[in-house]
Amino acid sequence: MRRLVQISRRRIRRSIRWLWAQEGTPGQRARGVAAGVFCGCYPFFGLQIILSVGLASALRGNHFLAAAATLISNPFTYLPLYWFNFQVGCWILGPPRNIINIASLTPDTAWEQGWSFSSRLLLGSSAVALVSAIAISTFAFKLFKSKSSTATLKSNSSVRMRTTR
């Protein structure tokens, strides 16, 4: 068990180093993260990565980070995330009216119930996606910028040390 924990830690560290080593300016990397988080908040299973890479291309962001950031929604977070998005949609549009019993469900009422649910979920997803993408990409930009300035300082000091010898 202890060995499994060590192997898991090593893999997580390696993955984090790989994410930090992605190419691009801090702005490009943060835009990639923003695109991934934005698309990850929508309930479009199977399309989130494709949509995030397309959005990252439009925003000139990092494609790999966009794809990785869609993992904000995963099998462990689907239910809480989409429940929260639905609640935000209900807060904006108001609670759904005319909730009917399943026994009296007809095709017409099913479409009406589906539209009522979908509109609240998609509107809530849009609001949560926008706020989350802005907040997380701002945080990511500051981290990437501080990391790149630290790396620049280290490389400049090593260059100075080599030239002064």
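Let's start at Phe44, which sits in the loop between helix 2 (26-40) and helix 3 (48-59); helices here are DSSP runs of H or I with at least four residues, strands are E runs of at least two, and both are numbered from the N terminus. Phe44 counts as partly exposed because its relative accessibility is 34% (buried is under 20% relative accessible area, exposed is over 50% and partly exposed is in between, with a 1.4 Å probe and protein chains only).

Before going further, keep in mind that this is a predicted model, in which local features need pLDDT of at least 70 and side-chain atom pairs pLDDT 80 or more, while totals for chains, interfaces and linings use all residues. Residues are numbered from 1 along each chain as its sequence is written, and side-chain values use heavy atoms, leaving out hydrogens and water.

Now step back to the whole chain. You'll find 6 helices and 0 strands, so the pattern along the sequence reads α-α-α-α-α-α. Of the chain's 165 residues, 29% are buried. Take the contacts (heavy atoms within 4.5 Å) with a separation of 6 or more: residues 24 or more positions apart account for 73% of them.

What makes up the largest nonpolar core? Val33, Val37, Leu65, Ala69, Ala140 and Phe144 do, 6 residues in all. Helix 2, helix 4 (63-69) and helix 6 each bring at least two residues to this core. (A nonpolar core joins buried Ala, Val, Leu, Ile, Met, Phe, Trp, Tyr and Cys residues through side-chain atoms within 4.5 Å.) Nonpolar side chains do tend to be buried together in soluble globular proteins. Pick out Val37 and, setting aside neighbours within four places in sequence, you'll see Val37 in contact with Ala69, Ile72, Ser132, Ala133 and Ile136.

Next, follow helix 6 (residues 107-164) to Arg120. Is Arg120 buried or exposed? Arg120 counts as buried, because its relative accessibility is 10%. Leaving out residues up to four places away in sequence, Arg120 touches Asn85, Phe86, Gly89, Cys90, Leu93, Gly94, Pro95 and Pro96. With Gly94 there's a polar pairing to look at: a polar atom of the Arg120 side chain lies 2.8 Å from the backbone oxygen of Gly94.

Last stop: Phe84, in helix 5 (residues 78-93). Phe84 has a relative accessible area of 43%, so this residue is partly exposed.

Technical notes. A polar contact is a pair of N or O atoms within 3.5 Å; within protein, one must be able to donate a hydrogen and the other to accept it, and residues adjacent in sequence count only if both atoms are side-chain atoms.
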